[in-house]
Structures are given as structure tokens and as C-alpha cells.
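Please read the points alongside the sequence and the model.

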Amino acid sequence: MDTLSYKTVSLNAATVEKEWLVIDATDLALGRLASRVALVLRGKTKPGFTPHVDCGDNVIVINAEKVALKGDKMENRVYTRYTGYPGGQRFTTPKEILAKRPAELIRRSVRGMLPKTRLGDQLIKNLYVYAGPEHPHQGQNPREIKLNEI
């Protein structure tokens with residue numbers, strides 16, 4: 001019996017092989033898109049997943065302005081933030097966020113699904129979101145994938 005085949009693989013920063021992936025967000029549900037992107041960023045789709053290491057891929061999301069929210073979530077969902085001053089509670093809807101900065105809606109959703117640690121701060125830097133169909137990462141030869149292939 002070959003005992004070497006049963007060894008547990010533990011990746012580190014030097015042995016991780018990162019890949020560049022492109023996802024088109026046109027007419028995709030925001031939550032489903034964000035959860036799949038978070039899985040890829042974290043590296044859970046790879047056989048050598050190591051929880052404490054940034055072993056995920058770099059993800060480029062294009063057409064962020066065309067992301068879909070089902071039902072009346074576009075007007076009725078409320079995002080709350082606080083400025084730090086008395087009476088500084090601010091409320092925004094996804095419709096307002098899409099009008100000003102479409103990429104922020106996807107980035108905020110994905111960030112909420114990543115660890116709230118230094119590792120999460122490092123992982124979110126591997127996400128690149130663009131409102132339109134163009135992106136400046138052609139030099140990395142990204143591979144386009146569909147959401148259900150993840």
C-alpha cells in the first residue's frame with residue numbers, strides 16, 4: 001500500500017497557483033453571484049484548500065451595472081452605515097448604489113461573505129469589479145467561466 005498517497009496537502013503562499021477568471025454579471029442574481037465569487041476568492045473550489053492561506057483565484061466581474069435583484073429588493077432593501085457623528089446614520093438602497101457606483105454593490109455583497117479578519121482583507125483585493133464589459137486585465141489571460149460551472 002502506498003502511504004504517500006494519503007498525505008494531507010497544506011498549501012502556503014509560495015506553493016499556491018492563482019488563476020484569473022472572468023464572470024459576466026449580466027442578469028445574474030446578486031446573492032448567488034456573490035456567494036460563488038466568495039467561494040472562488042477563498043479557494044474552496046480547489047482540492048488543496050487551506051483555511052488560513054490566500055489560495056483562491058483572482059476574479060474579474062464585468063457588467064456590474066446589469067446585475068439583477070429579484071422582487072422589490074431594488075427599492076425596499078436598505079443598506080445602513082454610520083458616519084461616526086451624532087445623527088449620522090445614513091440609509092441607501094441598491095437602486096441608489098447602482099446609479100452612483102455599480103461596482104460597489106457587488107463588492108459589498110462579496111465582502112460580507114468573506115472572513116472578517118486580515119485574511120478577508122487580503123482576499124477582497126483579488127476581486128476586480130467593472131461596471132461595463134471592458135476590463136484592463138487582458139495581459140493576465142483570464143479564463144471566462146459561467147456561474148453554474150463553479
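1. Rings of Phe, Tyr and Trp (its six-membered ring) pair if their centres lie within 6.5 Å; planes under 30 degrees apart count as stacked, over 60 as edge-to-face and the rest as tilted. One aromatic pair is present in the structure. W20 and Y128 make up this pair, which is stacked, with 5.4 Å from centre to centre and 25° between the planes.

2. The model is predicted: local features need pLDDT of at least 70, side-chain atom pairs count only at pLDDT 80 or more, and totals for chains, interfaces and linings use all residues. Residues are numbered from 1 along each chain as its sequence is written, and side-chain values use heavy atoms, with hydrogens and water left out.

3. The pair joins distant parts of the chain, 108 residues apart: W20 belongs to strand β1 (residues 20-24) and Y128 to strand β5 (residues 127-129). Strands (E, at least two residues) and helices (H or I, at least four) are DSSP runs, numbered from the N terminus.

4. W20 counts as buried because its relative accessibility is 17%, whereas Y128, at 25%, counts as partly exposed. Buried means under 20% relative accessible area, exposed over 50%, and partly exposed in between (1.4 Å probe, protein chains only).

5. R108 lies over the face of Y79, at 5.1 Å from the ring centre; the criterion is CZ of Arg or NZ of Lys within 6 Å of the ring centre and within 35 degrees of the ring normal.
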